[in-house]
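Today I'm looking at how one protein chain packs together.

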Amino acid sequence: ALGNMSGSGPEAPQPGEEAEAGLREAEQDWAAAKAFYDNLVTKRPRPPKPQHAITVAVSSRALFDLVEERRIYEEQGVEKYVEYQQNNENVTLKPGPAFHFVKALEHVNARLLELYPDDEERFDIVLMTNNHAQVGVRLINSINHYGLTIERFCMTGGKSPIGYLTAYLTNLYLSADSEKVQEAIEAGIASATMFSASKDVAYSDTQLRVAFDGDAVLFSDESEQIVKEQGLDRFFEHEQINENKPLAQGPLKGFLEDLGKLQKKFYAKNERLNCPIRTFLVTARSAASSGARVLKTLRSWGLEIDEALFLAGAPKGPILVKIRPHIFFDDQMFHIEGAQKLGTIAAHVPYGIAQKYHKTA
């Protein structure tokens, strides 16, 4: 680009124009692909365009239980791992930590398609894996066995998937690999590391239930910084002084927004009481001394949360057992482990000051 510096006159395209041209090209590509596929008759709903969809990218180890396969990979290397997967490609993989969440997303999609048959604003689940393509047959066989609708696969053969996450306009990325999740968070993509529950519990088949921690998940970690550095009393004081100043957004705010957008589609069809999405805020904050700022922040964003639980430092595990979410997002491993022990599938969001303290622990 250095040799082109003289070309900065009026004839040089401006960055905004380049982006617009890129979007126009992408739209033309989609139109051409759609025209081709529209001529092919099928009863299966087609995947929506990434611009309209809420794209949830899931790794193979989050979707399926690959603990044994991972052990072979680590102990015997990639060749033996691929060979094992190929020899067992007709053996169905067991569900992994994100499996029930994905099933719940698909139930929401089915309900949306009943109410809005031509609308593309729904979940699109992408299998985003650094597996080699040779392993693909076993993954496809397992996906078909469970009747999951996962049409888009990215199999990166050992390379980082982050570039593909950006290209797919990913709204949420779930993986069992904490390093990749950290990389995605740093690239500005809502992301979490999945952990299996220590015991099996029954999950709702008719309602997607998503629970969020507040600070450093929905909101920034500014308040957690004060707790860690100056103690609880200073934190309570700070929150009361700033009660009417909205908290900055955290990494999962966008996903709560996406869920809220879909909830409104059900409300518009008079389905509020029968809505297949329910959201929960499960925070260690206490309501009286630091709850108002959280609720006012959500209101300032135009977001509703269905249930807000202020635990004032009590453990989250027992409450989560009652809620039975398909997924619970938290930034502190202490809460993740407590939730796991009691049967909740938890997802660690490696964001904010808690990570610094966690790493030195």
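Predicted model: local features only at pLDDT ≥ 70, side-chain atom pairs only at ≥ 80, totals over all residues.

I started with burial: 45% of the 361 residues in the protein chain are buried (under 20% relative accessible area, with exposed over 50% and partly exposed in between; 1.4 Å probe, protein chains only).

Residues are numbered from 1 along each chain as its sequence is written, and side-chain values use heavy atoms, leaving out hydrogens and water.

Next I looked up the overall size. For 361 residues, a compact globule would have a radius of gyration near 21 Å, and the protein chain has 22 Å, which agrees (taken over C-alpha atoms; the rule is 2.2 Å times the number of residues to the power 0.38).

Then I went for the cores (sets of buried Ala, Val, Leu, Ile, Met, Phe, Trp, Tyr and Cys residues joined through side-chain atoms within 4.5 Å). The largest nonpolar core has 63 residues, and Phe-255 and Phe-329 have the most contacts inside it. Why does this core lie between domain 1 and domain 2? Both domain 1 (50-194) and domain 2 (208-359) give residues to it, so that is where it lies; the bounds come from an automatic or database domain assignment.

I also found a second, separate core of 11 residues, with Phe-328 and Leu-320 among them.

Last, I checked Phe-329. Beyond its neighbours within four places in sequence, Phe-329 is in contact (heavy atoms within 4.5 Å) with residues including Leu-172, Val-210, Leu-252 and Val-349.
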